[in-house]
Amino acid sequence: MISRQIETLIQLSKTAHHLHQLHTLFLKTSLDHNTYIISRFILTSLSISLHFTRSLFNNLPVTPPLFAYNTLIRAYTKTSCPIESIKLFDEMLKTGLRPDNFTYPFVVKACGRCLLIGIGGSVHSLIFKVGLDSDKYIGNTLLRMYAACKEIDFAKAVFEEMPVRDVVSWSSMIAGFVACDSPSDALKVFHPMKLANENPNSVTLVSLVSACTSLINVRAGESIHSYAVVNGLELDVALGTALVEMYSKCGHVEKAFKVFNLMREKNLQSWTIMISGLADNGRGNDAISLFAKTIQTGLKPDSISFSAILSACSHLGLVDEGKNYFDEMARVYNIKPTMEHYGCMVDMLGRAGLIEEAYHIIRNMPTEPNAVILRSFLGACRNHGQVLCLDDNLGKLLLKLEPELGANYVLAASVSSLSGNWDTAAELMVAINQKGLNKVPGCSWVKVNDGSAEEMSKETAA
């Protein structure tokens, strides 16, 4: 009777104050020795305060039950400190408790999130020893862990050894190949998946579309899009956004925009990717218009959104608009400019021939510019023949950041020549030969019969 009353009180707890009151009651009545009550209390308290729950857990007068360990381990995998799950697992083993099929998946997930392949492998060995390697849920988690750690061969081995696979298994394998930069292999998994009569879901298709995006293979992307339509799969936010990005990256911005307009629900990422797609395909004015509509919908643009719109302004040569967005980003939305934002500004001003202003941006950056910004600025100086404000240290910094890239020496030498520093230019060209460097030739890409893009030719290096 008392146990039922206590359970009712636990279920009614909604605030940290309630938790402290119950904890005081447990201490007075020695209910903190009752492992069942403690397990129920920990399960409820986690949804209110992880800090309180961990403190309670650490100060129990008895060894916490397996359920309490599992509950806390699972909770930490969802936080920014998944390493705590691994620490709790290690602590649990020392108590003599035996992990079960509910323990291992979350420990493995924590290893994947922390990229601890060594510990993950050790946990995998434990799983094998206790005979849980055939557990489908554990197998799926192991697969994802190895993929997260970029060990795609291990992930593939886990997949192939699974006695039973479900849609999660197939989807995880496909996503793993995409994450490990093997998009072609990801697409190859789709056919045997269908032969196994396993119907892909939206998550599967998102990974497949991402593979097509990486390959710039619009034909395969269209095939997957058609599969979704024919089989009545809903165009949810994730799938719709993936299709928008795929069509945009493949140069089919009209199709991307059509998908975008068909999406019933859009998040900020959907709008941002569409804006980037328009900008990258020469429709900067439409990108700016869509950015305004994004704000009108009530969405608050983030750092990535401003990178997209600043890039659009750069490609269009809309300097005043770009300056306004850059100012608005910090003043209105309190977003601190990142290296990418500064890069967009330098690129935009450099393209417009506003070398002095671009130099002012670099000089006032809170951190040292990266190689991309330096190349953009020096390239603008060379292209516009303006070296009045050129700081020799910028060229030296570029070579310091990327000393093995021959193109940097060629660029620095070109700018030195423009400023009349012929000796410096000559020294740089000699350095290229002494270091055995080459300027990587530019290359052209064309679409072939299967819709993919292939490198067809390279220009001669200067």
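The model is predicted. Its chain contains 26 helices and 2 strands. Of the 462 residues in the chain, 45% are buried. Among contacts between residues at least 6 apart in sequence, 60% join residues at least 24 apart.

- Helix H9 covers residues 136-148, and its end C-alpha atoms are 18 Å apart. This agrees with the span of 18 Å that its 13 residues should have at 1.5 Å a residue.
- The buried residues of H9 are Ile138, Gly139, Asn140, Thr141, Leu142, Leu143, Met145, Tyr146 and Ala147.
- The cover over these buried residues includes helix H7 (104-114), helix H8 (117-129), helix H10 (152-161) and H11.
- Met145, a residue of helix H9, has a relative accessibility of 2% and therefore counts as buried.
- Leaving aside residues up to four places away in sequence, Met145 touches Val108, Cys111, Gly112, Ile117, Gly120 and Gly121.
- Met145 and Leu116 are 29 residues apart along the chain, and their C-alpha atoms are separated by 9.0 Å.

**Salt bridges**

- A search of the whole structure finds 12 salt bridges. Side chains of opposite charge can pair when their charged atoms come close.
- In one of these salt bridges, Glu245 pairs with Lys249, and the closest N and O atoms are 3.4 Å apart. Both residues belong to helix H15 (residues 237-249), where they are 4 residues apart and so separated by about one helical turn.
- Glu245 is partly exposed, at a relative accessible area of 28%. Lys249 is also partly exposed, at 46% relative accessibility.
- Asp327 forms a salt bridge with Arg331, with 2.9 Å between the closest N and O atoms. These two residues lie 4 residues apart in helix H20 (residues 319-331), which means that about one helical turn separates them.
- Asp327 counts as partly exposed at 39% relative accessibility, whereas Arg331 is exposed with a relative accessible area of 58%.
- A salt bridge also joins Asp347 to Arg351, whose closest N and O atoms are 2.8 Å apart. Helix H21 (residues 339-351) holds both residues, 4 residues apart, or about one turn of the helix.
- Asp347 is partly exposed at 22% relative accessibility, and Arg351 is partly exposed at 47%.
- An α-helix has 3.6 residues a turn, so residues three or four places apart point the same way.
- Salt bridges also link Arg54, Glu84 and Lys87 in a network.

**Loop residues with positive phi**

- Asp181 is not a glycine, yet its phi is positive, at about 60 degrees. It is located in the loop between helix H11 (167-179) and helix H12 (183-195).
- The relative accessible area of Asp181 is 68%, so this residue is exposed.
- Asn197 likewise has a positive phi of about 60 degrees although it is not a glycine. The loop that holds Asn197 runs between H12 and helix H13 (202-215).
- Asn197 is exposed, and its relative accessible area is 66%.

**The largest pocket**

- The volume of the largest pocket is about 370 Å³.
- This pocket is lined by 16 residues, and those closest to its centre are Thr272, Ser276, Asp280, Ile304 and Ala308.
- Two or more lining residues come from each of H15, helix H17 (268-280), helix H19 (303-316) and H21.
- H17 gives the most to the lining of the largest pocket, contributing 6 residues.
- By type, the lining of the largest pocket consists of 4 nonpolar, 7 polar and 5 charged residues.

Notes
Residues numbered from 1 in each chain as written. Predicted model: local features only at pLDDT ≥ 70, side-chain atom pairs only at ≥ 80, totals over all residues. Heavy atoms only, no water. Salt bridge = Lys/Arg side-chain N within 4 Å of Asp/Glu carboxyl O. Buried < 20%, exposed > 50% of the residue type's maximum accessible area, 1.4 Å probe, protein only. 1 Å grid on protein atoms, 1.4 Å probe; cavity = no way out; pocket = protein on both sides within 12 Å on 5 of 7 lines; lining within 4 Å. Points joined across faces, edges and corners; volume = space filled by probe spheres on them. Nonpolar A, V, L, I, M, F, W, Y, C, P; charged D, E, K, R; others polar. Expected span 1.5 Å × (residues − 1). Contact = heavy atoms within 4.5 Å.
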